[in-house]
Amino acid sequence: MIKFVGSFETVESLPNTAFAEYAFVGRSNVGKSSLINALVAENIARTSNTPGRTQSLNLFNFNDKIMIVDLPGYGYAKVSKMEAVRWLTRLEQYLLNRSQLRRLFILIDSRIGVKNSDLDLMGFCDKNGICYQIVYTKKDKRIREESQQIVSHENHPAMVEQILETSAEKKTGLEDLRNIIGVK
């Protein structure tokens, strides 16, 4: 059973739990909330066609065993520069200070590919020893060849070797993700 714990504006306001956390992050409109909903087979995360809707740290408790964290997107959202810097600072604080974090899933829209903002986040995680895994989303959509920049763990020491490919719409590629997290 999954339940919404709350939306939190600061890292300091997050509940101090013993549950392992698995966080999802990616550029705005990458399909984070849709993937979380498909993963747990419930509509718990708010989805929208408007980029940048997730603006808080959203926590979901799964069976009193783990926490799933829906982090605000980065990159495309139409917000002020000051607001974008605030979001980035909060993300960095979460990644550096949240001892419950077991894995960060960096979502990449397979139709668009890896962008500089993704590489910047990966570099931050590599530099700070934050374990992350790449998850390509929207694999059911038409993919442009030029969007397929290859990323590999050889160049990114904190990156998990296995790259996942998913489609929330077609419900494909979810089993590996469920197994990693422990969601059945």
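**Entry 1: glutamate 42**

I began with glutamate 42, which is partly exposed, with a relative accessible area of 37%. I keep in mind that I am reading a predicted model. I placed glutamate 42 in the loop that runs between α1 and β3. Which residues does glutamate 42 touch, once neighbours within four places in sequence are left aside? I found Ile2 and Asn37 in contact with glutamate 42. I also looked up methionine 1, which lies 41 residues away from glutamate 42 along the chain, and the C-alpha atoms of these two residues are separated by 9.6 Å.

**Entry 2: helix α1**

I then turned to α1, and asked how many of its nine residues are buried. Eight of the nine are, so α1 is largely enclosed by the rest of the structure. I noted the buried residues as Lys32, Ser33, Leu35, Ile36, Asn37, Ala38, Leu39 and Val40. Just after α1 I came to alanine 41, which takes a positive phi of about 60°.

**Entry 3: α1 against α4**

I read that two packed helices are described by the angle between their axes and the distance between the axes. For α1 (residues 32-40) and α4 (residues 174-181), I wrote down an angle of about 80° and axes that are 10 Å apart. That angle makes α1 roughly perpendicular to α4, because angles of 65 to 115 degrees count as roughly perpendicular. On the α1 side I listed Leu35, Ala38 and Leu39, which meet Leu174, Leu177, Arg178 and Ile181 in α4. I sorted the residues of this contact into six nonpolar, no polar and one charged.

**Entry 4: other positive phi values**

I looked up asparagine 29, which has a positive phi of about 75° although it is not a glycine. Asparagine 29 is found in the loop between β2 and α1, and at 40% relative accessibility it counts as partly exposed. Lysine 138 is not a glycine either, and has a positive phi of about 60°.

I traced an open sheet of seven strands in the order β1-β3-β4-β2-β5-β6-β7, with mixed pairing. The edge strands are β1 (2-8) and β7 (164-165), each of which pairs on one side only. Inside this order I followed β2 and β4, which pair in the parallel sense over five bridges, and I saw that phenylalanine 24 stands opposite aspartate 70 in β4. I noted too that α3 packs on the sheet, where it touches β2, β5 and β6, and that the direction of α3 makes about 160° with that of β5.

Methods. Residues are numbered from 1 along each chain as its sequence is written. This is a predicted model: local features need pLDDT of at least 70, side-chain atom pairs count only at pLDDT 80 or more; totals for chains, interfaces and linings use all residues. Side-chain values use heavy atoms; hydrogens and water are left out. Axes are lines fitted to C-alpha atoms, for helices over the stretch in contact, and angles run from 0 to 180 degrees between N-to-C directions. Helices (H or I, at least four residues) and strands (E, at least two) are DSSP runs, numbered from the N terminus. Angles under 35 degrees count as roughly parallel, over 145 as roughly antiparallel, 65 to 115 as roughly perpendicular and the rest as oblique. Contact means heavy atoms within 4.5 Å. Ala, Val, Leu, Ile, Met, Phe, Trp, Tyr, Cys and Pro count as nonpolar, Asp, Glu, Lys and Arg as charged, and the others, Gly among them, as polar. Two strands pair if DSSP finds at least two bridges between them. Buried means under 20% relative accessible area, exposed over 50%, partly exposed in between (1.4 Å probe, protein chains only).
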